[in-house]
Amino acid sequence: MGIHWWSWQEHGAVVYRNATWKADVGCWLSQCGNSSFPIPVVEKFWRNSCTFECDGRGVCNKELAQCRCSVGFSGVGCEKVINRKCNKGVTDEQPYGSWGVSVCPGFCDKRTAHCLCGNTTKYPDRPLAEACGFHSKGNTGEIDWTKADTDYIYGNKSYQGWCNLDAEDVHDKNIRVKLPQCDCKYDGQWGVVCESPSESFCINQCNLNGICHQGFCACRKGWYGVDCSVPSYLPPPVQRPKWLPQEAAPDVSDETNRISVASNIMKKRPLVYVYDLPAEFTTQFLQGRHFKFECVNRLYDVDNATIWTENLYGAGIALYESLLASEHRTTNGDEADFFYVPFLQACIVEQGDAAPHLTFQGKYMGLRQYFAGDYSKQIYFHIQQNYPYWNRSAGRDHIWFFPWDEGACSAPKEIWNSMMLSHWGNTNAKHKASTTAYRADNWDLIPPEWRGDHPCYDPAKDLVLPAWKFPDPYPIVQNLSSRHRQDRPTLFYFNGNLGSAYDNGRPEPGYSMGIRQKLAAEFGSQPNKKGLLGRQAVDDVVVQAQRSPQYKLELSKSRFCGVLPGDGWSGRMEDSILSGCIPVIIQDGIHLPFENVLDYESFTVRVAEDNIHNLITILKAINEAQVDSMLAVVRGLWQRFTYHYAVKLEANRQKLKLNKEDLWASVQNSLTGDDAFSTFIHVRFSLSDQ
């Protein structure tokens with residue numbers, strides 16, 4: 001293999017595609033060139049039929065002959081109607097039940113558990129989301145969940161009412177609406193009174209092979225799958241999805257009880273089979289979102305232009321969409337190296353307890369990970385009952401994504417053999433119990449007979465992935481990540497919640513395991529509630545609680561940046577890397593993204609939690625040559641902490657639909673390095689070889 005693939009550095013790591021890798025894994029990664037040589041693969045396009053062809057309420061999975069039903073429907077042919085309540089625990093004293101995100105004083109759409117104005121009003125589909133239709137208590141602004149504000153909802157002699165207001169009257173007559181309570185919180189609506197429709201979010205936007213219904217792809221004939229990317233026949237080259245090369249050649253074949261069209265093509269390893277799960281584990285969560293920004297990494301404005309979100313949980317969507325479109329995807333499980341289980345756990349992270357059917361109270365003791373874990377078990381049983389692949393390795397070649405604060409600590413025991421993806425690599429070397437200050441994610445409380453006795457993270461099989469970060473083009477255009485040491489006057493920088501000693505700080509002493517609080521007590525550069533700075537406050541060390549409007553710029557002017565936990569993982573590692581700043585990791589025994597494979601010693605500094613008081617001494621002891629070397633490594637690998645493969649997919653869709661290329665699209669399309677997805681592909685391939 002040529003030297004352009006890899007080289008050895010003095011510390012023994014392998015340099016592979018501009019990043020240094022640990023020698024034990026790097027030796028395998030040095031063979032990653034093998035993945036660039038195509039191998040023959042037989043793709044299968046199934047032609048099985050479903051009962052009633054899903055009755056227009058779902059999409060037929062042609063491989064299993066099973067319907068994937070839109071929200072509100074179930075049954076083998078989507079013939080059953082599911083009525084979901086908006087209000088829970090209704091009593092005379094609480095006529096709308098106890099508070100929940102879905103609480104509704106108007107019409108409850110029992111498919112989605114969304115609260116709407118209803119057919120007795122001029123605008124029946126206008127949302128009455130959460131506080132919109134309720135009275136406030138006096139002048140406090142506190143909502144009285146027992147009293148509907150019917151005058152505001154439906155109007156009176158002097159006011160038309162929220163549900164009957166014309167948008168023109170609001171704009172022309174300056175009629176006031178109840179903001180922010182009455183907001184267009186559901187996907188696909190914008191405007192002061194939700195008068196402007198837009199495209200809603202769907203996985204890969206249905207690949208232009210279907211219609212997106214608030215998260216569910218209604219595929220046109222001949223296509224199926226969560227994103228309408230699987231044909232039931234071999235389409236002509238111009239219509240083929242990205243994962244199916246144009247040189248694919250047909251080879252019609254029959255199998256017992258299953259009729260398929262096979263296609264002989266050349267593809268690159270590793271080959272990944274992505275399960276097409278029942279919709280109750282995927283798209284029905286998207287359709288049931290009560291806030292449009294939940295679960296997803298993008299939305300669409302009234303002109304259907306892309307709006308990227310700041311949702312840290314967006315990595316799950318980015319990875320899912322990338323796998324579905326990648327040349328590494330295969331529809332032939334018999335030839336797959338890995339199997340991806342696309343359970344949208346991030347939706348439960350943000351939607352848990354949003355509606356009565358999503359409650360994690362009672363049996364689940366208010367623990368959303370316990371509640372989500374039962375879904376994981378149902379998926380495990382579904383896979384075992386419908387596919388032959390789990391048993392061939394006891395699930396070891398299966399991959400699950402656990403985005404929780406503390407990662408896969410709460411994974412049910414049945415699936416622990418699998419590879420776990422998370423944002424939190426707790427090796428349990430120090431933190432052997434839950435560290436979160438947020439009770440709903442405290443995995444200590446989950447019954448041990450349900451969870452089993454497994455660690456949170458096994459670096460031999462699991463992987464920590466970067467969190468999603470908004471693909472902001474300006475830091476790239478301004479080249480902030482490439483600032484050299486001389487242009488970084490700040491020695492150390494951390495800007496974030498520092499706990500109860502500061503205004504609006506988290507009150508729990510266990511927040512951040514007390515680490516941020518220790519940092520602030522030593523080096524706080526902003527006065528706390530008592531007007532005090534940290535004991536060792538100095539000019540070139542910035543430790544602030546109030547978020548700076550120039551946050552990214554200030555990171556780019558710093559040599560070292562703090563990477564500290566929140567309730568578990570936080571996005572500070574990504575912030576540091578994307579700004580070209582050397583990460584200073586202060587969280588003992590916790591692996592950061594790709595730490596079990598990248599050579600972290602070449603571009604990060606670890607400071608023990610008990611040694612925070614010596615932080616500045618430690619940093620000043622690193623000579624200028626070492627600082628320059630670490631900054632250079634960060635400059636070489638920052639793209640691995642982005643998901644620009646998924647962003648480029650969206651840029652291409654926008655080009656096709658709108659015939660335009662926004663700045664974010666042109667900047668992202670200019671990136672040529674490996675991103676988080678391609679790094680994941682390389683690592684999974686190397687670990688499988690070992």
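**Entry 1: domains**

The chain is split into domain 1 (42–70 + 200–239 + 268–464), domain 2 (107–182) and domain 3 (473–641); the bounds come from an automatic or database domain assignment. I note that this is a predicted model, in which local features need pLDDT of at least 70 and side-chain atom pairs count only at pLDDT 80 or more, while totals for chains, interfaces and linings use all residues. I number residues from 1 along each chain as its sequence is written, and side-chain values use heavy atoms, with hydrogens and water left out.

**Entry 2: EGF-like span**

I took residues 46–79 from UniProt, where an unreviewed entry places the feature "domain: EGF-like". UniProt positions are given in the numbering used here, feature names are shortened, and annotations may be inferred rather than shown by experiment. I find 23 Å between the end C-alpha atoms of this span, which is 0% helix and 32% strand. Helices (H or I, at least four residues) and strands (E, at least two) are DSSP runs, numbered from the N terminus.

**Entry 3: disulfides**

How many disulfides does the structure hold? I count 14, a disulfide being a pair of cysteine sulfur atoms within 2.5 Å.

C104 and C115 are joined with an S to S distance of 2.1 Å. C104 sits in the loop between β8 (80–81) and β9 (107–109) and C115 in strand β10 (residues 114–116), so the pair ties together parts that are eleven residues apart in sequence. The link of C104 and C115 has 70° about the S-S bond and is right-handed. Both C104 and C115 are buried (under 20% relative accessible area; exposed is over 50%, partly exposed in between; 1.4 Å probe, protein chains only).

C117 and C163 are joined with an S to S distance of 2.0 Å. Their S-S torsion is about -80°, so this disulfide is left-handed. C117 is in the loop between β10 and β11 (134–136) and C163 in the loop between α2 (150–154) and α3 (167–172), so the pair ties together parts that are 46 residues apart in sequence. C117 is buried at a relative accessible area of 2%, and C163 is buried at 0%.

C206 and C217 have their sulfur atoms 2.1 Å apart in a disulfide. This pair links distant parts of the chain, with C206 in the loop between β14 (196–197) and β15 (210–213) and C217 in strand β16 (residues 216–219), eleven residues apart. The link of C206 and C217 is left-handed, with -95° about the S-S bond. I find both C206 and C217 buried.

Is helix α5 largely enclosed or open? Eleven of the eleven residues of α5 (residues 315–325) are buried, so this helix is largely enclosed by the rest of the structure. Among the buried residues I list Y320, E321 and S322.

I then looked up L564, which is in the loop between β31 (558–563) and α12 (572–578). L564 is buried, with a relative accessible area of 0%.

**Entry 4: V477**

Is V477 buried or exposed? V477 is exposed, with a relative accessible area of 51%, and is found in helix α9 (residues 473–477).
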